[in-house]
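Here is my note on the model, as numbered points. Please read it with the structure open.

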Amino acid sequence: TQKSLLLRSLRAHNINTLSELRRIERLFSALNAPDTEQPMREAWTYYVDSNTLLNELRGLTKTYPFGEGCLDEAKNRVNGNGGNGSQGGKCFKVLKEIREKNLIPHHARLLAAKPAMWGNRTPTATEIDKLTSVLTTEWTRALGMLLRHWE
């Protein structure tokens, strides 16, 4: 059956995009089959912990790749609060944590202040402010694009 094929794909980690995971999650939800909950939770956890979520965010932020530190902080916060749940499990909680705790501006500023971002020279306060603004805008846009999957 389609359900067993999807479950096998989830367990083998063959489904590796947020939109595909959400599509399968909606299908399983419509089936109202409790035996799909654990594999779905595990698939979401794998998606987040294997850096697939980071790669997807970075695919949406090619000019200034999404900050790993920002995602890691959100993951640590979510892990400390129990991790998974329903609908999107860990992924939704991590993305929501980034938005609700306003983590992007903080991590954008940390990155913008790094000399490595400026050819190994110390940036001025104005340069840091400008780059922080650009990073915040780009990363927030990408975050919004992924969160729309739950609207």
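1. **A helix-to-helix packing site.** Setting aside neighbours within four places in sequence, T136 is in contact with I104, P105 and A108; contact means heavy atoms within 4.5 Å. T136 sits in helix α8. The residue is buried, at a relative accessible area of 19%. The classes are: buried under 20% relative accessible area, exposed over 50%, partly exposed in between (1.4 Å probe, protein chains only).

2. **Basis of the model.** This is a predicted model, in which local features need pLDDT of at least 70, side-chain atom pairs count only at pLDDT 80 or more, and totals for chains, interfaces and linings use all residues. Residues are numbered from 1 along each chain as its sequence is written, and side-chain values use heavy atoms, with hydrogens and water left out.

3. **Overall fold.** The protein has eight helices and zero strands. In sequence order the pattern reads α-α-α-α-α-α-α-α. Helices (H or I, at least four residues) and strands (E, at least two) are DSSP runs, numbered from the N terminus. The C-alpha trace spans about 60 × 25 × 25 Å along its principal axes. Take the contacts between residues at least 6 apart in sequence: 64% of them join residues at least 24 apart.

4. Of the 151 residues, 38% are buried.

5. **The core.** Which residues have the most contacts inside the largest nonpolar core? They are L53, F66, C91, L95 and I98, in a core of 38 residues. Two or more residues come from each of α1, α2, α3, α4, α5 (68-80), α6 (89-100), α7 and α8. The largest share, eight residues, comes from α8. A nonpolar core here is a set of buried Ala, Val, Leu, Ile, Met, Phe, Trp, Tyr and Cys residues joined through side-chain atoms within 4.5 Å. In soluble globular proteins, nonpolar side chains tend to be buried together.

6. **L95.** Not counting residues up to four places away in sequence, L95 touches L18, L53, L143, L146, L147 and W150.

7. **C70.** This residue lies in helix α5. C70 counts as buried, at 1% relative accessibility. Beyond four places in sequence, C70 is in contact with I98, L103, I104 and H107. C70 and L5 are 65 residues apart in sequence and 35 Å apart in space, C-alpha to C-alpha.

8. **L6.** Helix α1 holds L6. L6 is buried, with a relative accessible area of 10%. Its contacts, leaving aside neighbours within four places in sequence, are R23, I24, L27 and F28. P39 is 33 residues from L6 along the chain, and their C-alpha atoms are separated by 9.8 Å.

9. **S50.** This residue is found in the loop between α3 (37-49) and α4 (52-60). S50 is partly exposed, with a relative accessible area of 27%. A polar atom of the S50 side chain lies 2.7 Å from the backbone oxygen of Y46. S50 and N79 are 29 residues apart in sequence and 15 Å apart in space, C-alpha to C-alpha.

10. **Positive phi.** Most residues other than glycine have a negative phi. Please look at two positions here. H13 has a positive phi of about 60° although it is not a glycine. H13 lies in the loop between α1 (2-11) and α2 (18-31), and is partly exposed at 32% relative accessible area. N120 is not a glycine and has a positive phi of about 65°. The loop between α7 (103-112) and α8 (125-147) holds N120. N120 is exposed, with a relative accessible area of 66%.

How values were computed. Polar contact = N/O pair within 3.5 Å; in protein donor to acceptor, adjacent residues only side chain to side chain.
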